[in-house]
Amino acid sequence: MPGLSRKTPVWLPVLVILVAMLSIQSGASLAKTLFPLIGAPGVTALRLALGTLILVLVFKPWRLRFTPAQRKPLLYYGLSLGAMNYLFYLSIQTVPLGIAVALEFTGPLAVALFASRRAVDFVWVALAVLGLWFLLPLGQNVSHVDLTGAALALGAGACWAIYIVTGQRAGEEHGPATVALGSLIAAVIFVPIGALQAGEALWHWSILPLGLGVAVLSTALPYSLEMIALTRLPTRTFGTLMSMEPGLAALSGMVFLGETLTMTQWLALSAIIAASMGSTLTLRREAKIKEVDIG
């Protein structure tokens, strides 16, 4: 893929990250259509196996060297990556895509909020909690959200938080190439688990093209696009754009899966998106635009 030069228009990296998010949610929608055939564990196995193969070929992780201090964070990073995918796919078996992504998004939101102690941050905490209260049927039959699926989505969010913290430590020296090795660790653990649960249905040749589509849309393409955008956007702008992902997931679920949300669910989802955007926009420091060319 051609790189973005220093003269790249400002709007282009924004478009790139939007395409990356649309790709991820389209991949999730495609993955959900495979559930009746091979189940959520089988889809997890396919995505990790094929996605890891693509990442390994691109980044060649066997050339990386990690210090003893980096190895434990790398292991946790890989395990959290695999668990995040596994739990998320289990959750969207019974929970609409937009709601699952919103619940999962509480993981990175928590990481951002726990890093600060300013009064304004408690506003975003309250907004996120308010959104969760109306998304989850706590003590009442609000919006008919499956509690087991919601708990799995929140578990995926917890794994996402661990993924962020450990990924920063493991990838300090190797950057994006660390993703390939982390994905390889995840594949070693969760591909056998998923394959065992999926059974013989996973080995039908007719499944392979769809599995490859999920791997490309959910892993290879968006990760590559995000790396390009990260080098051309301030951290605050990147984080703000990523906060739109639950909304895009809800739209993807409506377009590709025929899912619908109630007005209460839309308002609750909007509260979580607003909390994520607000947390990002009020960060004390903003990263400068990196003048780096991507080859």
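Colleague: Which side chain of opposite charge is nearest to Arg47, and how far away is it?
Modeller: Glu104, at 7.6 Å. Keep in mind that this is a predicted model. Arg47 is buried and has no salt bridge.

Colleague: Where does Arg47 sit?
Modeller: In helix H1.

Colleague: And what is Arg47 in contact with, leaving aside neighbours within four places in sequence?
Modeller: Thr52, Asn85, Tyr89, Val214, Ala215, Ser218, Thr219 and Tyr223.

Colleague: What does Ser23 touch beyond four places in sequence?
Modeller: Val216, Leu217, Ser218, Leu221 and Pro222 are its contacts. Take Pro222: 199 residues separate it from Ser23 along the chain, yet their C-alpha atoms are 6.2 Å apart.

Colleague: New topic, the largest nonpolar core. Which members touch the most others?
Modeller: Ile38, Phe88 and Tyr89. The core has 66 residues.

Colleague: Which elements give two or more residues to this core?
Modeller: Helices H1 (11-59), H2 (68-91), H3 (97-104), H6 (147-170), H7 (177-198), H8 (207-230), H10 (245-257) and H11 (263-281).

Colleague: Which one gives the most?
Modeller: H1, with 13 residues.

Colleague: What is Ile38 in contact with, ignoring neighbours within four places?
Modeller: Val43, Leu46, Ala198, Ala201, Leu202 and Ile207.

Colleague: Which residues form the aromatic cluster with them?
Modeller: The cluster consists of Phe35, Phe88 and Tyr89.

Colleague: Why is the Phe105 and Trp160 pair called edge-to-face?
Modeller: Their planes are at 85°, and over 60 degrees counts as edge-to-face. The ring centres of Phe105 and Trp160 are 5.5 Å apart.

Colleague: Where do Phe105 and Trp160 lie?
Modeller: Phe105 is in the loop between H3 and helix H4 (106-114), and Trp160 is in helix H6. The pair therefore ties together parts 55 residues apart in sequence. Phe105 and Trp160 are both buried.

Colleague: Now H2. How many of its residues are buried?
Modeller: 17 of 24, so H2 is largely enclosed by the rest of the structure.

Colleague: What span should H2 have, and how far apart are its end C-alpha atoms?
Modeller: At 1.5 Å a residue, the 24 residues should span 34 Å. The end C-alpha atoms are 35 Å apart, which agrees.

Colleague: Last one. What is phi of Lys60?
Modeller: Near 50°. That is a positive value in a residue other than glycine.

Colleague: Where is the place of Lys60, and how exposed is Lys60?
Modeller: Lys60 is in the loop between H1 and H2. With 30% relative accessibility, Lys60 counts as partly exposed. The reason is that this class runs between the 20% limit for buried and the 50% limit for exposed.

Note on methods. Residues numbered from 1 in each chain as written. Predicted model: local features only at pLDDT ≥ 70, side-chain atom pairs only at ≥ 80, totals over all residues. Heavy atoms only, no water. Core = buried A, V, L, I, M, F, W, Y, C linked by side-chain atoms within 4.5 Å. Buried < 20%, exposed > 50% of the residue type's maximum accessible area, 1.4 Å probe, protein only. Helix = DSSP H or I, 4+ residues; strand = E, 2+ residues; numbered from the N terminus. Contact = heavy atoms within 4.5 Å. Lys, Arg positive; Asp, Glu negative; His and termini not counted. Salt bridge = Lys/Arg side-chain N within 4 Å of Asp/Glu carboxyl O. Expected span 1.5 Å × (residues − 1). Phe/Tyr/Trp six-rings, centres within 6.5 Å; stacked < 30°, edge-to-face > 60°.
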